[in-house]
Amino acid sequence: SAALILAINVVLFAQKPPPGILTTVHQVRSLSEVQASLHRTLLIRGVVTTVSGWRNSFFVQDSTAGIAVDRDEPNEDVKSGDLVEILGVTKPGLFAPSIQASRVRIVGIAHLPVSRVFPLGELVGGAQDSQWIGLRGVIRSAYVGRFWGHTALALTIATGDGQFTAHVLQFDGNPALLVDATVKIWGACGTIFNDRRQFVGLRLFVPSMKQVTI
């Protein structure tokens, strides 16, 4: 309710959250589409893995899981590695439950999560949606483009199980020099889906070239 949101804002992050407030990403991601649509209040602390480039959205991960966070208006500009506390509500998302944040506060810095390198075939279905993951493959194309109004380096990377696209948000140098390089790359797993909430592919959101190892 509005009263509950106001009460949490008054004591935000200073005290233990009231009973019934969701405090972990796993709790949010475990909700059904119907449950998430009830806009349950949440108060979560985690590390920003990367912004997505879509409006004011970003990915955050705590010790339990990763999730997408949307904001109507940013009250803090966040970047990869920021430790944040998020006040908001659940929403069903277009593929999986996500967060609609009313307030985001940067409280420090943190290490990015440790993740193994996944075979691409293991990601089919979207089980790793919004999670920080690693992938390995050969860069087949590299070009700079505009995506959702933001400039990014787009890499098409082939693996033994198929190919995927990675959007690198901070980059320099000549992209053409990356073609045919075998790389390990880490980022937030973004799911490509249809209007029936079905998995059709994935793209990786990568903060910078620091997460690309040749």
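**View 1. Phe59, Trp148 and Phe205 come together as one aromatic cluster.** Keep in mind that this is a predicted model, where local features need pLDDT of at least 70, side-chain atom pairs count only at pLDDT 80 or more, and totals for chains, interfaces and linings use all residues. Residues are numbered from 1 along each chain as its sequence is written, and side-chain values use heavy atoms, with hydrogens and water left out.

**View 2. Here are the aromatic pairs, and the structure has three of them.** Phe59 and Phe205 make a tilted pair, with 5.5 Å from centre to centre and 35° between the planes. This pair ties together distant parts of the chain: Phe59 sits in strand 2 (residues 58-61) and Phe205 in strand 10 (residues 199-208), 146 residues apart. Phe59 counts as buried because its relative accessibility is 7%, and Phe205 is buried too, at 4%. Another tilted pair is Tyr143 with Phe147, at 6.4 Å centre to centre and 50° between the planes. Tyr143 is partly exposed, with a relative accessible area of 43%, while Phe147, at 19%, counts as buried.

A few terms to go with this view. Rings of Phe, Tyr and Trp (its six-membered ring) pair if their centres lie within 6.5 Å; planes under 30 degrees apart are stacked, over 60 edge-to-face, and the rest tilted. Buried means under 20% relative accessible area, exposed over 50%, and partly exposed in between (1.4 Å probe, protein chains only). Strands are DSSP runs of E with at least two residues, numbered from the N terminus.

**View 3. Arg116 lies over the face of Phe118.** The distance to the ring centre is 4.0 Å. A charge sits over a ring if CZ of Arg (or NZ of Lys) is within 6 Å of the ring centre and within 35 degrees of the ring normal.

**View 4. Strand 3 (66-71) has strand partners in strand 2 and strand 5 (98-109).** Strands pair if DSSP finds at least two bridges between them. Strand 2 and strand 3 run antiparallel, joined by four bridges, and they form a hairpin with four residues between them. Look for Phe58 standing opposite Val69 of strand 3. Strand 3 and strand 5 go the parallel way, over three bridges; Arg71 has Ala101 of strand 5 as its bridge partner. Strand 3 is mostly covered, with five of its six residues buried.

**View 5. The largest pocket holds about 720 Å³ of space.** A pocket is an open set of points on a 1 Å grid over the protein atoms alone, where a 1.4 Å probe fits, with protein on both sides within 12 Å along at least five of seven lines; lining residues have an atom within 4 Å of a point. The volume is the space filled by probe spheres set on the points, which are joined across faces, edges and corners. There are 31 lining residues, and Trp54, Ala68, Asp70, Leu94 and Phe193 lie nearest the centre. Strand 9 (182-193) is one of the strands that supply at least two lining residues, and strand 9 gives the most, with five. The lining has 14 nonpolar, nine polar and eight charged residues. Nonpolar covers Ala, Val, Leu, Ile, Met, Phe, Trp, Tyr, Cys and Pro; charged covers Asp, Glu, Lys and Arg; the others, Gly among them, are polar.

**View 6. The second largest pocket has a volume of about 250 Å³.** Its lining includes Thr50, Val78, Leu169 and Lys210. Strand 1 (41-51), strand 8 (162-170) and strand 10 each give two or more lining residues.
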